[in-house]
Amino acid sequence: MTFSIRRTTLAVAAVGLSLGLVSCAGGQSVAEACKIAEVTLTDASADLATESQSFMTDAVAGKDVDIKAAFDPMLASLKDAQSKITNAEVKAPLDDFVTEFGAVTDLFGEFDFSILAGLGDTSNLDMTDAAAVQELQDKAAKAQEQSLALSEKVNDHSTKLQTAADQLAKLCNAG
């Protein structure tokens, strides 16, 4: 009887060990997937912050700018992380994040940033020249109108982007 119990115990232990090994080898853990997502989002966000600052300075200075070119490296990093993440729990919100970030990038790519040229530098503006002042005011009003229209379009995507980021944070900070 003792022999039978030992054999049964060994068999159960062997099956348990086998199942444990299969589950480990069978997929990426949430922690592993989160590490990839975290590193990618941190690096890409830092790069985007730097690029955005430079981009807006150039746009207001009247330089030819391409915001899509500024956003493309972050989008490429996100897509690369997407391809490395196989954990379904982490992949779903990351996929949503990438989709919404791509949509926002496209919207910004459609915006005519040349409208901002000259709005930041009024040092050469003759305030006694009513026509020049009115021209600047008209340009500022047009820029504001276009910016508000862009903001409305981006708002829905921003909400979805934040939701996806919150889901990622909740998953990745749960441990």
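**Exercise 1.** State which residues of H2 and H4 meet, and describe how the two helices pack.

*Solution.* Step 1: from H2, the residues Val 30, Ala 33, Cys 34, Leu 41 and Leu 48 meet Glu 89, Val 90, Phe 97 and Phe 101 of H4. Contact means heavy atoms within 4.5 Å, and helices are DSSP runs (H or I, at least four residues) numbered from the N terminus. This is a predicted model, in which local features need pLDDT of at least 70 and side-chain atom pairs count only at pLDDT 80 or more, while totals for chains, interfaces and linings use all residues. Residues are numbered from 1 along each chain as its sequence is written, and side-chain values use heavy atoms, with hydrogens and water left out.

Step 2: by class, this contact of H2 with H4 has eight nonpolar, no polar and one charged residues. Nonpolar covers Ala, Val, Leu, Ile, Met, Phe, Trp, Tyr, Cys and Pro; charged covers Asp, Glu, Lys and Arg; the others, Gly among them, are polar.

Step 3: the axes of H2 and H4 lie 9 Å apart at an angle of about 20 degrees, axes being lines fitted to C-alpha atoms over the stretch in contact, with angles from 0 to 180 degrees between N-to-C directions. H2 is therefore roughly parallel to H4 (angles under 35 degrees count as roughly parallel, over 145 as roughly antiparallel).

Step 4: the crossing of H2 and H4 is left-handed, that is, the near helix is turned anticlockwise from the far one by less than a right angle.

**Exercise 2.** Determine the relative direction of H4 and H5 and the make-up of their contact.

*Solution.* Step 1: H4 and H5 pack at about 160 degrees, with axes 9 Å apart. The pair is therefore roughly antiparallel.

Step 2: their crossing is left-handed. H4 contributes residues including Pro 93, Leu 94 and Val 104, and H5 contributes residues including Leu 150, His 157 and Leu 171.

Step 3: the classes in the contact of H4 with H5 are 16 nonpolar, two polar and five charged.

**Exercise 3.** Describe the packing of H3 (residues 67–84) against H4 (residues 88–110).

*Solution.* Step 1: the two axes come within 10 Å and cross at roughly 165 degrees. H3 and H4 are therefore roughly antiparallel.

Step 2: the crossing of H3 and H4 is left-handed. The residues of their contact divide into eleven nonpolar, four polar and six charged.

**Exercise 4.** Identify the residues that line the largest pocket.

*Solution.* Step 1: the lining consists of Cys 34, Ala 37, Glu 38, Leu 41, Ala 165, Leu 168, Ala 169, Cys 172 and Asn 173. Helix H2 (30–60) and helix H5 (130–172) are the elements that give two or more residues to this lining.

Step 2: by class, the lining has seven nonpolar, one polar and one charged residues.

Methods
1 Å grid on protein atoms, 1.4 Å probe; cavity = no way out; pocket = protein on both sides within 12 Å on 5 of 7 lines; lining within 4 Å. Parallel < 35°, antiparallel > 145°, perpendicular 65-115°, else oblique.
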